[in-house]
Amino acid sequence: MLERIKIIRFLHIFNLIIFTFLFGFLTRAQNLTVKGSVISAEDGQPIPGVNIRIDGTEMGSSTNFDGFYSIEVPENSNLIFSYIGMQETKITVTQSRHNVVMEVNTTGLDEVVVVGYGTMKKRELTGAVSSVKSDEITKTATSDFASSIQGRIAGVSVRQGNSAPGENAQITIRGITSFQEGGSGPLYVVDGVTYIENPNITPQEIESIEVLKDGASASIYGSRASGGVILITTKRGKEGEMKVDLESYYGLQNISSRIPLANTKESLYINDIQYRYQQTNAFDPLEFNKDGLLYNTDWMGDLQVDWAPIQNHSIGVSGGKSGLTYNVTGTYFNQEGSLYNSDYEKFSLRSNTYFKNGRFSAQANVSLNISDQKKEPYALIYDAIRLQPYRKPIDASSDSFVFGGTSPENISNFAGKLKQENDTKINSFNGNVRLNYKVIKGVIIAANLGKSHYSKKDRFFNPSYLIYNEIGEINNTASNYNAQLRLGDGINSRSIAEFTMNYERIFKKHNLKVLIGNTYEKSSYEFYRAGADNISSNITPVLGNGEPVPSSHFINKTNSISYLGRINYNYNWKYILSVVVRRDGSSNFSANNRYGVFPSISGAWTISNESFFKSLKDKISLAKIRIGYGTTGSDRIPPYAFSPVVISNVDYPLGGGSNLVSGMTQPGYADPNLKWESNVSKNFGIDLDFKRGKAELNIDIYEQDKKDMLLAIAPPISAGSTPISSKNYDRYLTNVGNLQNKGIEIAGHLNQSFGDVNAKFGATFTKNQNTVISLSREGEFILDGYPNILRMSQTEPVAVLEAGLPVGAFKVYETTGTIKTDEELTDYQQMVPTAQKGDLRYVDIDGDGELTIDDKTYKGSYQPDFEYGFTLDIDYRAFDLSVQLYGIEGSTIYNGAKQYAYSMKRHRDLVYSWSDVNPTSNIPTPRSNIEHPNVQTSTDYFLEDGSYLRVRNIIVGYSLSEVVVEKIGIDKLRFYVSAQNPITFTNYTGFDPEVGDSNPFNGGLDRGNYPISATYLTGLSISF
Amino acid sequence: MQTTLNKIYLKIIIGVLFLFSCNKDFLDIQNPNDLNSASFWSSEEELQMGLVATYAALQLDGMLGGSAAIQHPVRSDVGRPNNWNANAIGLNTLTLNENTQIVTSRWRDAYIGIYRANQVLTNIDDVDLSADIRNQIEAEAKFLRGFFYYSLYRGYNNGSVIIHTSAPEMRDEFYKKPSPASEVFELILQDLEFAYQNLPKSYDLSEDLGRATWGAATAMLGKLLINEQNYNVAKGYFKEIIDSNIYSLTADIGDNFDEEHEFNSESIFEVAFSIEAKTGTSYGAKDGTTGSEATSRAKGLATTQGGGYRTVMPSFYMTMLFRNDIMDMTNPINASRTGTANYSVRTSVSVAIADDDNTTLYQKTSESGGAYNNKEASYLKKFQNWWLDRESDLTVSGINERVIRLADVLLLYSECVLKGGGDLDEVIQMINEIRNRAGVVKLRKDVEFQYDQDPNNNSPHFIDLNTDIVHVGHHTYINGQELIYMSDDPLTYCPAGMVCDIDSLPNNFDLLENGESYFVIVVDHEKIKLAASKEDLMNNIAIDFSDPQYTDSNNDGTVDPIELTQSEHHLSYSSLSLMDHIMWVERPLELMFEGHDIRWEDLTRWGKVKEQYEHLASKKYVMSAKVLYEYDPTIHSALTPIKEFVEAANVYSPEAHDYFPIPSAELNSNPDFLD
């Protein structure tokens, strides 16, 4: 109710503002006739048919065949000249004659694109590089720029597996490129400084994002670039008057997806079915919840926050003069989560300054981020699934609870959980200074010195609380006497020093650019955790008020050195060649395997610059083919992995009592031959541009062969390695196999005007085929990927690495419905003697009469057949409309939440499960044993089609006419309303078909993650 | 000039570019977190630390840490699960499979121990040691390795498991197929033999308390062999322990279950836990900086009042056994025991029963220290901290897990004697040592007693004519006929208060030798009939012990019924009936929930699993006023009888269930296993 009032109030204010702006300042001025000619800047020729419009009105005119125009306008109004292929030009009428020169639209050709260690014009490119600009990035309301580029770039796949506030989406470029957790992520380069993980740049700070997709482009980043490179350029100021941009939005979010759970009546019926065939330990929930029939608690609903607000406010100040420019952007983002007790708040400030004086130029970028993420209690969705509806709802604000019944522990542990505080505070500082010095003509030496410091503090507080039964007796099991506090601090510190020299020379039609350089990087991650138990009071949760518990501490350090060189040569912009070589050394490998060399060569032929193409040039303004061969690598592994260690703290109390003797042991294995993962990538691309940017089409075909893929694999448990939480001792890193990605990506857009309606239509299509080519031990398969985050040790992994299959392919038992008759049962009992009617029937694939691991079979993969995105942007006078769609097709998802709901007997399906009164059902009968084959994870029963088409975004905006806004002294004012993720078309029965994980084995697992919300927002942007 | 300048510039540029590149150490980073294994294992001290780590593996959850001790008993007849612990229910109903938690953790944790032992054994050759020290370290490591393999051998795949006798280093050494059971047996035998020959009988220094001793190795050898039905050799090992005079039964049986009396005179091998040594922050974990030295068992088994989860409780069968563990009031141990329900000392320290007035539970009366609702008939007290107000708020307890103690050895030795047709007196004497310490009536080779119907009390009594102890007789119903029996053994197969089907009686009942039956059947409270066989019962024929010569006066081929009225009789034991006593009375009462799955080893060794499951599945019980009774339709007609082990009895087969399946975690990570 409160939320609804908020919305109404907000809309009310909103209307008031619009009304004031629309009608408060409208006045009419005197008229004046303006004449002039319009010519093209490229060739000085007049342009016929240029559309001329008086800003803020529907009145207009156009140029005649000779490029002349005449129009009657009010004084001090603005004229807007537009023509396909030319940049829109605006003049303020100051006199009766205005001659206008229109610049050629450079979107296709001379647009400057950031590449590694420099920039290039788009026409110089030989590789597959895509670009997204700031206005597209900020269309999505998010704190994470990754989710804002979903569906906008062909070949770049963005999955938001966890929609908790403050969580970042996973980006993979051209398919899964690594077997490792987080290994498929691209390298991020922010203003020249590299980041292995998402640098969490606030979207409002970004000017453009460039993506280096192919190996030839990416190989300048060598060992880091195996997953592609995302180059982020932050906003810089322009010389001129100070400009201020204000952006604000406010919205409300709602979880729209659900998993069908049984209500009280249905639960009791499921319970009845469960015990109908069991004689011992039968359990009647009403026996222990005597008032159970009074309740029908919707736990999932109770744990969700309806209409949780989200808001963002940013202010940018930019300008500059006399060689000094600046841009300062400050952003405040606040998102309340749609799940209980989760929210995220982020403040960021970025300052970019640039100074140029003669041969010397310098740039300093500084960014600060302060964020606070409050997390919902661990595995909350699982609780919402597990808890029975006949339980009384909880008021979590109390310090003591009364629970009746005889087994109140479950529910009361949950009550305690709701009181837990779990938050993460991140303070990060990123800064770099870039110095350029022009030594002689054509030679620039540069140094780029960067430092980033990232501190992540997490805090967990589990307060004490008391649980009583209905007659006032304390329940010692369920009560928590021990208020616990845990503090963790992880500090990630990186320094980078790059020294480069650029040489550029143009003689006649030969264009040559040479880059050489070297880089040094040091990174360290230091983590420590401290805690206290038995904190004296819930209201004094600091360490000193409790008894200290053992602390933990570790330091991970990695250093690397690189030498790089690049030659770009082109002849008359027709024949373009690029050669890159990079040699990287990483401390993550032993001295023998430390260095890797990553060469690449690529070329392009601009056919449209050939003389024979001239006749077509009117229609096809650019035709270019690109071909490239490049190598990249990956050293993305934890440090020290190549040598086995011995650990302490494996102690034993010899000598009786509390006497402790220290023990040490080697907890696991290490592969001394650990070496670089390498990636050979081939790319063939075509770029077509029609009618100077009216339409554009880019097609790329690629093949990437990855060798010696790194993965920390678990040796057989009989090898005896020791699992220790947060340590990877029970896995060892090794080069496990080879992988291939082949694919095609198509991106196109089309601009079309229908009178006053300007439409821009864009589409991307990505098809990637991912195949494990071989594994280092023949016939080997590596299983991993547990569909639930709880009970992992009792469930089976469902994803596999196996030659011939895609990464993370599902390999599970095939099932064919339930055992329905006595004959079927007798038959099946030959194989599974304990089977009963109503049990799932597993298929003995190899026909040997036994169910063994050999009967597990390939049942699809989460990697889709293809994914696609559509964007539509329409301007109609003061209105703009933007629609974005995104979809994937042919992906298989494991519905882990459903599996959990089945094993907890909470899924509504179970009402219709096999029983004597429902003898044709293929839904397996619920059984008490939680590892029962009916609910075991490793079957195809819980696999579902994960294809979907989602309306990502619908935005309707209205810009006040400049005539109006100038009256109030501003340059631009736009309002918009937007619906984000309002509709998803899918057959998936779980929460949301958009699942993803940085671990490739978990990529297709719906593990009860934080569900995605539909967000409805309204915002405004003002410039002055 | 310009060219020269250019050259200078170039030199500067190159100089700048490669300014730092000569720093060769830049890529050499020392691991600050852990020592490198390659430089470890160079001294005796380091080998000792490796050995301590091997002992530490004994504490793991799947070995003798919490889970194993909690979960294992529900598979046998001594434990029952609570209503919601799905893991325990899975074991109890034998629907366990290759994903069941304990199936995975026992396998994993045994191999962790083996890997650690192998590290010591592999690296010992590289260290310069005196022969004595070397033998000592090697013997301890081999004892532990043998111990871990014993758990795997007894636990999995008919004893056919993967053998690692050295610490694998390269990838290809991990992936192994299981070896034949005979090879696994041979390895265990050799390891334990080495330990047996080289370990000391005791340690001089108190700081070595808890290390494996000669006694531990000898007992393990005995256990290994008795489970192979090699009674003769096993007997020799057990005898050595008994004759060594190192060990003696503690005066108080409770000393074997608490924290105060760890490593007592009875203890042969225990796994040490401590709550003070290292509290830890990750409760389940035992290793690592945040690990603890404690076991999670106590919290898992405690009542709600004790702050626990009562995941597993004593079975109804076990509860009834404890309720019928009859006290010997002449024993001074019982001098102070009063109250309405007189339970033995052994009962009071092993389990909590609501009407036990002679003990406390979490500083409350036994009745209010537990809920006893929800069909919960009794709770575990053995190895619980029941004298505290509640279990630790963390999931930890410091009570050592007694793996082998003298009482176990005495009973195993007795079993060997009986199987070898040895001296019954020796067996009875050993059993009575245990029973005496437990404060319960001793077995007597010859018991003279008198039947007496107390006119004021409905209970029939038997008066022991030697001691004047009055034994309460027990009702039972066989084929609808009320029978009353007296025995120092409750009639296990048909305990008091229950209606039994004659078919549920053990077959070996038939095999009882003439004149040596100890079943006393009383009909219509006036006449005593003694039965020797199932057939006797079916024919309602009683045999008089006082006259071992049967008569068949009417020459009809069956012996004459002899009616006796309140007369004197005496009973005596056969090796079979003594074995029955050990199987169904003494071992469960004395050793329930101890060691590593002791009861399952026992039942499978005897081949009695199916028989026992079926027997127990036929039983009906009721809970009335928090106390468990055998269901008696004449008394309990208003109550719904409850049962246990029905599913297990239906599905059990030795091939499928005597051993755990290979955990899927192994099959999933070891592609070579099935090849």
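1. A:S248 stands opposite A:H313 in strand β18 of chain A, and this pair belongs to the antiparallel arrangement in which strand β17 (residues 240-255) of chain A is joined to strand β18 (residues 308-321) of chain A by twelve bridges. Strands here are DSSP runs of E of at least two residues, helices are runs of H or I of at least four residues, and both are numbered from the N terminus; two strands count as paired if DSSP finds at least two bridges between them.

2. This is a predicted model, in which local features need pLDDT of at least 70 and side-chain atom pairs count only at pLDDT 80 or more, while totals for chains, interfaces and linings use all residues. Residues are numbered from 1 along each chain as its sequence is written, chains are lettered from A and ligands numbered from 1 in the order in which they are written, and side-chain values use heavy atoms, with hydrogens and water left out.

3. Strand β18 of chain A also pairs in the antiparallel sense, over twelve bridges, with strand β19 (residues 324-336) of chain A, where A:N312 stands opposite A:F333. Two residues lie between the strands of this hairpin, and A:S322 takes a positive phi near 50° there.

4. Chain B brings 120 residues and chain A 119 residues to their contact. The area buried between the two chains (accessible area, with a 1.4 Å probe, lost on putting the two parts together and summed over both) is about 9,800 Å², with carbon and sulfur atoms giving 58%; B:F26, B:L27 and B:R171 supply 8% of what chain B buries against chain A, more than any other three residues.

5. Four salt bridges (a side-chain nitrogen of Lys or Arg within 4 Å of a carboxyl oxygen of Asp or Glu) are found across the interface of chain B and chain A, and B:D672 forms a salt bridge with A:R777, with the closest N and O atoms 2.8 Å apart. Helix α5 (residues 101-123) of chain B provides nine residues, the largest share of the side of chain B that touches chain A.

6. Strand β32 (residues 645-646) of chain A and strand β1 (residues 35-36) of chain B run antiparallel and are joined by two bridges, with B:L35 as the bridge partner of A:V646.

Terms used: Contact = heavy atoms within 4.5 Å.
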